[in-house]
Amino acid sequence: MCAAKMTYLKKTLILLLCLCVTGECRKHSHRPRRWTGNVDTKKHGTSLVKKPPDVTKSRKMKTEHLLKVDDHDFTMRPAFGGPAIPVGVDVQVESLDSISEVDMDFTMTLYLRHYWKDERLSFTSSTNKSMTFDGRLVKKIWVPDVFFVHSKRSFIHDTTTDNIMLRVFPDGHVLYSLRVTVTAACNMDFSRFPLDSQTCTLELESYAYTDEDLMLYWKSGDESLSTDDRISLSQFLIQKFHTTSRLAFYSSTGWYNRLYINFTLRRHIFFFLLQTYFPATLMVMLSWVSFWIDRRAVPARVSLGITTVLTMSTIITGVNASMPRVSYIKAVDIYLWVSFVFVFLSVLEYAAVNYLSTVQDRRERKMRERAQSQSLPCTCGISQTRTMTMMDGTYSEADTNSLAGYTAEPMVPEEEEMHHVPEKPEQMVVHLSVSSESTSTKKKKSLRGLNIIQNTHAIDKYSRMIFPGSYIFFNLIYWSVYC
């Protein structure tokens with residue numbers, strides 16, 4: 001009995017297990033199937049049609065996979081170990097921003113383009129069209145390490161993103177372009193300033209690769225350099241741009257290919273004529289006015305001379321403040337300092353005139369005193385301070401009026417004069433004074449003109465001709481040499 005019961009229980013458990021398995025299978029059979037878009041449909045009267053795939057939902061290939069960036073080592077140049085890779089360069093100058101004489105440099109904005117072939121970047125293309133990328137791919141591939149020789153500052157523009165373009169062709173040719181602003185040194189010669197012309201050079205060179213690894217050259221010769229016709233500067237006229245190339249040697253590393261962008265600038269002179277030359281010339285001409293001023297007008301002539309000297313000093317200081325401190329003489333220095341010498345000599349001229357006039361006045365005063373001491377004293381009852389001398393024939397108006405109270409009588413002959421001198425000595429003098437009364441007024445008028453001529457010293461007369469003539473002669477030589 002026990003064995004029969006155990007057999008019955010076993011059969012019952014096996015039956016329940018089979019029912020459970022059957023129920024699970026039915027659940028899986030009733031689950032809805034996912035549509036994949038590749039299901040074939042069949043209608044009555046039509047043939048079996050296959051629906052094309054949706055390419056918009058297909059996964060694109062990465063750029064790195066297309067150019068096989070991960071399959072190569074781009075830390076090495078193309079054809080490493082082989083001949084030098086040629087890298088062509090062309091430049092488009094966008095603007096010439098500034099020229100600084102004080103720092104002796106220039107600032108230029110340009111588009112720098114490189115051309116080379118890297119077979120590692122070749123790809124298959126049925127249309128043979130190139131692919132263009134921005135600066136993010138540049139960090140993953142090899143690019144030429146070109147730098148600007150003698151540059152002080154330079155940067156790649158990054159507004160709104162880095163101004164870098166990379167264009168790759170199916171055969172592996174690469175165009176690498178970037179927009180750069182560079183400030184480079186320019187060796188300027190100011191010996192003819194401001195009548196000078198300056199030639200500045202921007203130099204390009206590979207930093208790491210010698211001419212055995214990288215051959216840098218102008219892609220289209222002289223046509224590799226293009227400029228904007230609207231480029232202009234306030235102080236300079238851009239005469240021409242041209243390109244050259246040569247090898248540069250470094251004792252420790254070797255020979256390198258170097259490219260040159262040369263441009264010539266000629267300075268505009270009109271600004272300096274208005275600000276420097278004309279004011280200096282006017283100051284020199286103003287200093288000549290003192291030659292026509294009376295030598296006895298000391299304040300007028302001294303103040304005029306000092307004013308012109310100080311003004312010339314200010315002009316010289318202002319010009320040198322905007323120039324580098326060079327050790328040689330500039331053309332503008334010659335003009336300004338010669339003008340300063342002319343102004344300074346006009347001051348010294350008046351000093352000489354004043355000194356010689358003082359010496360002459362002292363000599364004349366001594367001669368007058370000596371003549372007075374040798375003349376006979378007047379005994380006509382006039383005070384000693386009113387004594388008149390007949391040496392120079394001049395009488396003051398006050399002395400003549402003081403004789404008005406004396407009677408006019410005819411002159412006494414010499415014989416009678418000999419007898420009457422002790423008795424009427426004053427009568428002789430009175431008669432001489434009255435007889436000279438008619439001629440004294442005429443002499444006064446003529447002496448006024450003589451005083452004007454005598455007050456104008458001989459040095460002033462010669463200076464009125466010598467100073468202008470010398471300065472005109474200097475200007476003729478100066479402008480014929482520097483123009």
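Predicted model: local features only at pLDDT ≥ 70, side-chain atom pairs only at ≥ 80, totals over all residues.
Buried here means under 20% relative accessible area, exposed means over 50%, and partly exposed sits in between (1.4 Å probe, protein chains only). Residues are numbered from 1 along each chain as its sequence is written, and side-chain values use heavy atoms, with hydrogens and water left out.

**The chain overall**
- You'll find 10 helices and 12 strands in the protein chain, taken as DSSP runs (helices: H or I, at least four residues; strands: E, at least two) and numbered from the N terminus.
- Of the 483 residues in the protein chain, 33% are buried.
- Take the contacts (heavy atoms within 4.5 Å) between residues at least 6 apart in sequence: 75% of them join residues at least 24 apart.

**The disulfide**
- The structure holds 1 disulfide, a term for a pair of cysteine sulfur atoms within 2.5 Å.
- Cysteine 186 and cysteine 200 form it, with their sulfur atoms 2.0 Å apart.
- The pair links distant parts of the chain, 14 residues apart: cysteine 186 is in the loop between β7 (173-185) and β8 (197-206), and cysteine 200 is in strand β8.
- The link of cysteine 186 and cysteine 200 is left-handed, at -85° about the S-S bond.

**Cysteine 483**
- Cysteine 483 is exposed, with a relative accessible area of 65%.

**Around serine 100**
- Serine 100 belongs to strand β1 (residues 85-100).
- Leaving aside residues up to four places away in sequence, serine 100 touches Asp105 and Met188.
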